[in-house]
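Subject: Structure handover and what was found in it

Dear colleague,

I am passing on the structure we spoke of, and below it you will find notes on what came out of the analysis. Please read them with the model open beside you.

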Amino acid sequence: MASPIPLRGRLRRYGTSYAMLLPFLALFAGFLLWPLANSLYLSFTKFDGINPAAFTGVDNFVQLASDARFRHALGNTALYVVGSVVLGTLLSLGLALAFNGTGWLHRIMRTVFFLPSVTSSIALMLMWKWVLYPSDVGLANTIVDWLGGNAVAWLATPGLTIPILVLMSVWGGMGYGMVLYVAGLGSIPQEYYEAAKIDGASTWRQFRHITLPLLRPVTTYVVVTGLIGAFQVFEAVYIVFSQGANTIGGVLDSGLMIVPYLYDQGFTHFRLGYASAIAWVLFLIIFVLSLINLRVGRAMKEL
Amino acid sequence: MAVAPMDTIAPVQQSPHSKDTGGGRRARINGHLLRLPFYLLALTMIAPFYWLLITVFKPPRELARTPPSFVPESPTFANFYDPEWSAQAINPGHLQGIFQRYQVDFGFWRFMFNSIVITTSITVGSLLICSLAAYVIAKHDIKGRRTIFLLIIASMMVPWQTTLIPNYVIMRNLGWLDSYAAYIVPALAKAFVLFFLVQFLQSIPNELIQAARVDGAGEWRIWWRIVLPLLRPALAAMSIFIVLAEWNNFLWPLIIVQSDEMANIPVALARLNSYFGGPDHQGAIMAGGLLASVPTIVFFLIFQKYFTKGIALSGLKG
């Protein structure tokens, strides 16, 4: 629709359009684009938040590469991400297959598994902290006691930190994945299964050759959003494992991850330049993951 | 914390793997046997919630006891409000309920109020701003809209923590730290919401809008009178995402909030948790957690249909 309207006419015609876009664009530029550029700049500086930022080139990134705590944080994050996404996706799919019917039992089960998704996340973290209370007043240790074991210091045993974080994440997230998978299952035409049955295909073969391939878009979404969310974990570490500002990562940094470390460097040590460099490492990781997920091309074609 | 079954999650079809269709009783029993691990898993879903719920109604003495009781033996509301408590007591923090714990006016109500103000403003504000922009991008033939839309889509790949430090500096320079503005203003332009609304609007025929233009309606009027009502299901789905995210927002408030008065519920609870760790105080802390969860659970119950539709839409369209 490229009509040769003179400039003044175009302004009159499109002025309202731009005025309607303005609030969004102004906020978008002011609190996203500009801060993004600024954080890139800050990542090349030494900045304590009070004195002006001093340009130091790639120093922060060089330092990060040899920062044992950061490497530890990355390793922890990798373990946590793999554990929570693999387990979470498998259980989401399993739950969806088990409870995708319309009967009351299925509906109640779906609600039970979905409950954490609508509960305050801080409340859930405080709840876990209380369940994992080190003495026998905690639920976990009461069960250990029933089984004849001795009370476990759940939150003070470094080897248990990542497994507990994975467990909390899977427990809290599988209901959400289940809902997506249930919706995906509902969009598979029943005729496929009927045809397969006529051909004498077993339940397993139907699952393997119809269900699983047709669920691939859902799986991609569950996995990629799961990865992105897992890389950004903060509250679980901060609420459940941190004891004040000095041990942000739990005992021996056993739960230290990217965002908690970013917070630690930026807001307890006021190394805002260094923290910005960490933020950009996080950005690059998530950017790559998002490229896989977001089909920018398709969205653009639709426009 | 009983939540009604989610009627709307289920697509109308039966499970392809459900044995209920043909096999009769034995197959049905087999189906339940196959699901047995999941029934056990459901128990582990409920147990922590049950633990939270009974903790809320136990007095401190019962909370510190081993082995713990599984039904409150002397149930009490004192974890919410303790009529016995007085500031002159020897150990004032000991029995105090959640509404009495904070040294701010109105105690816990203050944080409820903060959270409600913040969540409501962000939800209404961002839906208005994003729907305006989405209307232009989806239905106006202006120069540069492809570029703008591409930029907005690209920005969805930015984890918000990347802009955390500069945004904190901006808030400080504006003198907004510790204010509602710091909560609300940076949270208004939501790329995902705009993206979702644009996609939704593209599926709506242009004729409706053209007809209104022919009738002489202005663009603002069309947006308010035609576009917003058409967008209602999409707005409902998005409002649920926004409400849940903002109600639970923690890291950003943790950074911008200094005084006790301006804390939202998550920050208030985190502070309470770091001041009082022992079992004596768990009753009050859990009472706070329960109160923090009630609004989102109620909201979910009311908007269930849109909720699951929104999840499915955003998930499956990719």
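Two rings of Phe, Tyr or Trp, the six-membered ring being used for Trp, are taken as a pair if their centres lie within 6.5 Å. By that criterion A:F234, A:Y238, A:Y263, A:F267, B:Y168 and B:F250 are linked through ring pairs into a cluster, and over all chains the structure holds 40 aromatic pairs. Please keep in mind throughout that this is a predicted model.

Rings also take part in contacts with charges in chain B. The charged end of B:K58 sits over the ring of B:W51, at 5.1 Å from the centre of that ring, while B:R101 lies over the face of B:F276, where the distance to the ring centre is 5.1 Å.

Turning to the nonpolar core, the largest one has 194 residues, and among these B:F108 and B:L197 touch the most other members. Helix α3 of chain B, which covers residues 108-139, supplies the largest share of this core with 15 residues. Because both domain 1 (35-103 + 279-292) and domain 2 (108-261) of chain B give residues to the core, it lies between them. If neighbours within four places in sequence are left aside, B:L197 is in contact with B:C130, B:S131, B:A134, B:L231, B:A234, B:L235 and B:M238.

As for the two domains themselves, the assignment for chain B gives domain 1 as residues 35-103 together with 279-292, and domain 2 as residues 108-261. Their C-alpha centres lie 38 Å apart, and the contact between them involves six residues of domain 1 and five residues of domain 2.

With best regards

Notes: Residues are numbered from 1 along each chain as its sequence is written. Chains are lettered from A and ligands numbered from 1 in the order in which they are written. This is a predicted model: local features need pLDDT of at least 70, side-chain atom pairs count only at pLDDT 80 or more; totals for chains, interfaces and linings use all residues. Side-chain values use heavy atoms; hydrogens and water are left out. A nonpolar core is a set of buried Ala, Val, Leu, Ile, Met, Phe, Trp, Tyr and Cys residues joined through side-chain atoms within 4.5 Å. Buried means under 20% relative accessible area, exposed over 50%, partly exposed in between (1.4 Å probe, protein chains only). Helices (H or I, at least four residues) and strands (E, at least two) are DSSP runs, numbered from the N terminus. Domain bounds come from an automatic or database domain assignment. Contact means heavy atoms within 4.5 Å. Rings of Phe, Tyr and Trp (its six-membered ring) pair if their centres lie within 6.5 Å; planes under 30 degrees apart count as stacked, over 60 as edge-to-face and the rest as tilted. A charge sits over a ring if NZ of Lys or CZ of Arg is within 6 Å of the ring centre and within 35 degrees of the ring normal.
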